[in-house]
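Hello,

Here is the structure I promised to pass on. Have a look at it first, and my notes on the side chains follow below.

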Amino acid sequence: MRTLIAWSLIVPSLLFAQTDSTSKSVVFEESRDAVPAKNTSLSLSADTTNIHPVRFGIVTGTAATAIAAVHIYQANGWWKDNRTPFHFQEDLKYGRSVDKYGHFFGTAVAAFLLRKSLRWSGLSEEAALYWGAGGALAYQTYIEVEDGFHTWGFDRVDFASNVAGAAWPIAQYHSPFLRNFDFKYSYLPSAALNSGEGKGFQGQQHTVFDDYEGQTLWMSVKVKNFLPRSIDYLWPEFLCISVGYAVRDVFGKEPRSAVLLALDLDMTKVIPDDTPFLKLLGEALNFIKFPMPTVQLTPNTIWYGFYF
């Protein structure tokens with residue numbers, strides 16, 4: 001999850017994105033039998049590449065600066081004084097798999113950010129999709145290789161999670177059925193935040209990215225699309241149901257997993273898509289699970305009016 005810091009720095013370039021009709025992205029209908037259609041009304045078709053040099057320079061410059069900054073952070077933190085011969089090492093206990101989901105989710109978010117940035121700079125919809133996924137995976141792989149030359153080791157499960165995260169947006173693009181599912185993230189700071197518990201480098205304090213006890217990871221389901229047509233009008237299009245996974249007492253003697261069930265919001269339906277910016281905003285916010293009524297199913301039942 002720590003590598004998501006680099007990609008979060010790309011966001012400023014997105015604020016300039018989608019400011020004219022030539023940079024609109026194709027938005028697919030979410031109905032069960034809908035087939036994605038090309039948007040032929042745009043002056044620049046979604047399947048056409050026409051790079052804008054200034055925009056492309058902003059995107060690549062911002063990405064390069066962010067990657068360099070995080071490299072310096074990790075070189076002076078995680079990797080400093082920890083050099084070893086290259087080796088493989090899996091850690092299936094760390095964070096009770098929240099770390100593995102973090103690799104999947106972080107790579108998927110990185111692919112989204114890079115995809116939208118490249119689309120804004122003039123790449124076609126599919127070119128931006130594949131280059132975004134490839135760029136995100138390439139950077140995550142670079143981090144994993146560097147870990148391989150240090151104490152942490154190249155974790156093949158982390159790498160597999162990265163591959164899955166990069167593949168997910170491509171799979172959704174080609175499969176209307178998969179667009180009924182969204183992966184999301186919610187966070188409430190735990191006692192471990194800003195502490196030195198767990199793994200890391202000497203003097204490291206936990207941040208939001210590795211405060212695993214404060215994180216909850218969700219899979220959101222668009223319920224309306226699974227209901228029979230005779231009754232689907234009864235279910236609001238914006239209302240979803242999410243299944244969540246969290247850990248309790250992750251750095252204690254008896255860490256345990258928690259499974260949750262919650263109402264959820266499809267932010268692409270909550271926020272109107274009247275303008276390209278609002279459309280982008282809805283898509284970006286849909287990575288976040290907003291507080292809603294929730295029930296914890298395991299290890300014991302707890303009802304929450306609003307779960308953060």
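Before the details, please keep in mind that this is a predicted model.

Let me start with the rings. Phe-86 is partly exposed, because its relative accessible area of 35% falls between the 20% and 50% limits. Phe-88 is also partly exposed, at 45% relative accessibility. The two residues make an aromatic pair: their ring centres are 5.3 Å apart and the planes meet at 80°, so the arrangement is edge-to-face. In total, the model has 20 aromatic pairs.

Another of these pairs is Phe-105 with Tyr-185, which is stacked, with 5.8 Å from centre to centre and 20° between the planes. Here distant parts of the chain are linked: Phe-105 belongs to helix α4 (residues 98–120) and Tyr-185 to strand β1 (residues 181–187), 80 residues apart. Both Phe-105 and Tyr-185 are buried. They are also members of one aromatic cluster, which contains Tyr-101, Phe-104, Phe-105, Phe-112, Trp-168, Phe-183, Tyr-185 and Phe-287.

One ring has a charged neighbour: Lys-289 lies over the face of Trp-218, 4.7 Å from the ring centre.

Now to the charges. Side chains of opposite charge can pair when their charged atoms come close.

With Asp-155, the salt bridge has an N to O distance of 2.8 Å. This pair connects distant parts of the chain, as Lys-100 is in helix α4 while Asp-155 is in the loop between α5 (125–148) and α6 (156–174), 55 residues apart. With Asp-99, the closest N and O atoms of the salt bridge are 3.8 Å apart. Lys-100 counts as buried at 10% relative accessibility, as do Asp-155 at 5% and Asp-99 at 6%.

A further salt bridge joins Glu-125 and Arg-115, with 2.8 Å between the closest N and O atoms. Glu-125 sits in helix α5 and Arg-115 in helix α4, 10 residues apart. Are these two buried or exposed? Glu-125 is buried, at 4% relative accessibility, and Arg-115 is buried too, at 15%.

Finally, shared partners tie Asp-99, Lys-100, Asp-155 and Asp-158 into one network of salt bridges.

Best wishes

Conventions. Residues numbered from 1 in each chain as written. Predicted model: local features only at pLDDT ≥ 70, side-chain atom pairs only at ≥ 80, totals over all residues. Heavy atoms only, no water. Phe/Tyr/Trp six-rings, centres within 6.5 Å; stacked < 30°, edge-to-face > 60°. Buried < 20%, exposed > 50% of the residue type's maximum accessible area, 1.4 Å probe, protein only. Helix = DSSP H or I, 4+ residues; strand = E, 2+ residues; numbered from the N terminus. Lys NZ or Arg CZ within 6 Å of the ring centre and 35° of its normal. Salt bridge = Lys/Arg side-chain N within 4 Å of Asp/Glu carboxyl O.
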